[in-house]
Amino acid sequence: MKKKKQTTGVKEIARRAGVSIATVDRVLHKRPGVSPSTKRRIERIIKDMDYKPNVIASRLASRKKLNFAVLIPEISEYTDFWQAPLNGIKRAEEMVKEYGIIVDLYFFNLNDRSFFEEQANKILEDNPDGVLLAPSFIQEARRFTKKCHEKKIPYVLIDSNIPHQEGLCYIGPHLFRSGFLGGQLMHFTLNSESDILVMNIAREMDDHNYLTEIEDGFRGYFRYNNLYHNILKSEVTLTDYHSIESELDQVFKKNSSLKGIFVTNSRVAAVARYLEENQKKHISLIGYDFLSENIEYLKREVIDMLICHKPEEQGYKGIMTLYRHLLLEESIDKIHFMPIDIVTKENYEFYNN
């Protein structure tokens, strides 16, 4: 005679508690209408049975939609970096849409802080259930995330963090250690004490705090190891090629013994173009991000190495973190650091961004 399979669902809880299934459902979903003594009895049975409700099934049954708002930079003529996070976001969207989750995309121009605020205000008006944000304009992002916090809208940050923020999670690189690795790589490429240039190329330098953290890490490597190199600095706030070319002309005019250049973001291809056009391929050049233009210069050995933080995975994990928090009701770690990868001419063909 076959042993009857034990029932472990809501029906069994109701049977053991001597109540209706509707009463158990009220307790599971924290709705009123159940006496304190009955509620305690049901909760004790739930604990004894180690029962975990099927949150996804409940969500599908309720037919309630969840809206996630994404606010990231648009792809521009100067960099296609944000295509990778967008690809990850779209990949995650395909996975979660069957659970009633809608992902709305909002883009802003990295050269226009007012447009960032305009898009942020649109999101607040739409009142989404969760937000995925790249906080490129720090002060504006602080104001936006403060309002999200006040409205109890959970938000996830990618690519760079906001110090002392109250968000759900940060997904991105450990910026200081990324720069520290850059210093180590530069040291490996130079066989003697040398002049090294650190280049920050960004429209709004005050807002790009991540560049400062990367630069601090780069300098920190040499301090920590008591290595002497004359580290120069250049900040270029006009990101077109001719402005970068003009700046480098001035740098080489004053520092003819320069042996290495470290670019703190993805715009390293513009520097590579300059070195190639001016027959300075002997200069060690290290920068960031697995972009098609960067890879071309890597293949031609103008760029020595690229440091990458898996931006596509950042976008993917950002959406999936909101999904896990809001749909599965899982606890979320406040920080999720991405790998710091080194891409060279020898391994770029096998790298998955």
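Reply: Helices (H or I, at least four residues) and strands (E, at least two) are DSSP runs, numbered from the N terminus. This is a predicted model, in which local features need pLDDT of at least 70 and side-chain atom pairs count only at pLDDT 80 or more, while totals for chains, interfaces and linings use all residues. Residues are numbered from 1 along each chain as its sequence is written, and side-chain values use heavy atoms, leaving out hydrogens and water.

Start with helix 1 and helix 2. In helix 1, Glu12, Ile13, Ala14 and Ala17 are buried, buried being under 20% relative accessible area, exposed over 50% and partly exposed in between (1.4 Å probe, protein chains only). These buried residues of helix 1 pack against helix 2 and helix 3, a contact being heavy atoms within 4.5 Å. Gly18 follows helix 1 and has a positive phi, near 70 degrees.

Helix 2 spans residues 21-28, with Thr23, Val24, Val27 and Leu28 buried. Viewed down the axis of helix 2, the buried residues fall within an arc of 140 degrees, so they line one face; the arc is that of the directions from the helix axis to the C-beta atoms. An α-helix has 3.6 residues a turn, so residues three or four places apart point the same way. The cover over the buried residues of helix 2 includes helix 1 (10-17) and helix 3 (36-49). After helix 2 comes Lys30, with a positive phi near 55 degrees.

The axes of helix 1 and helix 2 are 9 Å apart, at an angle of about 110 degrees. That makes helix 1 roughly perpendicular to helix 2. Axes are lines fitted to C-alpha atoms, for helices over the stretch in contact, and angles run from 0 to 180 degrees between N-to-C directions; under 35 degrees counts as roughly parallel, over 145 as roughly antiparallel, 65 to 115 as roughly perpendicular and the rest as oblique. Helix 1 contributes Val10, Lys11, Ile13 and Ala14 to the contact, and helix 2 contributes Ile21, Val24 and Leu28. By class, these are six nonpolar, no polar and one charged. Ala, Val, Leu, Ile, Met, Phe, Trp, Tyr, Cys and Pro count as nonpolar, Asp, Glu, Lys and Arg as charged, and the others, Gly among them, as polar.

Further along, the axes of helix 10 (241-254) and helix 11 (268-277) come within 10 Å and cross at roughly 60 degrees. Helix 10 is therefore oblique to helix 11. Tyr241, Ile244, Glu245, Leu248, Asp249 and Phe252 of helix 10 meet Ala270, Val271, Arg273, Tyr274, Leu275 and Glu277 of helix 11. That contact has eight nonpolar, no polar and four charged residues.

Now the backbone. Most residues other than glycine have a negative phi. Asp159, not a glycine, has a positive phi of about 75 degrees. Asp159 sits in the loop between strand 4 (155-158) and strand 5 (169-172) and is buried, at 16% relative accessible area. Glu301, also not a glycine, has a positive phi of about 65 degrees. Glu301 lies in the loop between helix 12 (292-299) and strand 10 (305-308) and is partly exposed, at 48% relative accessibility.
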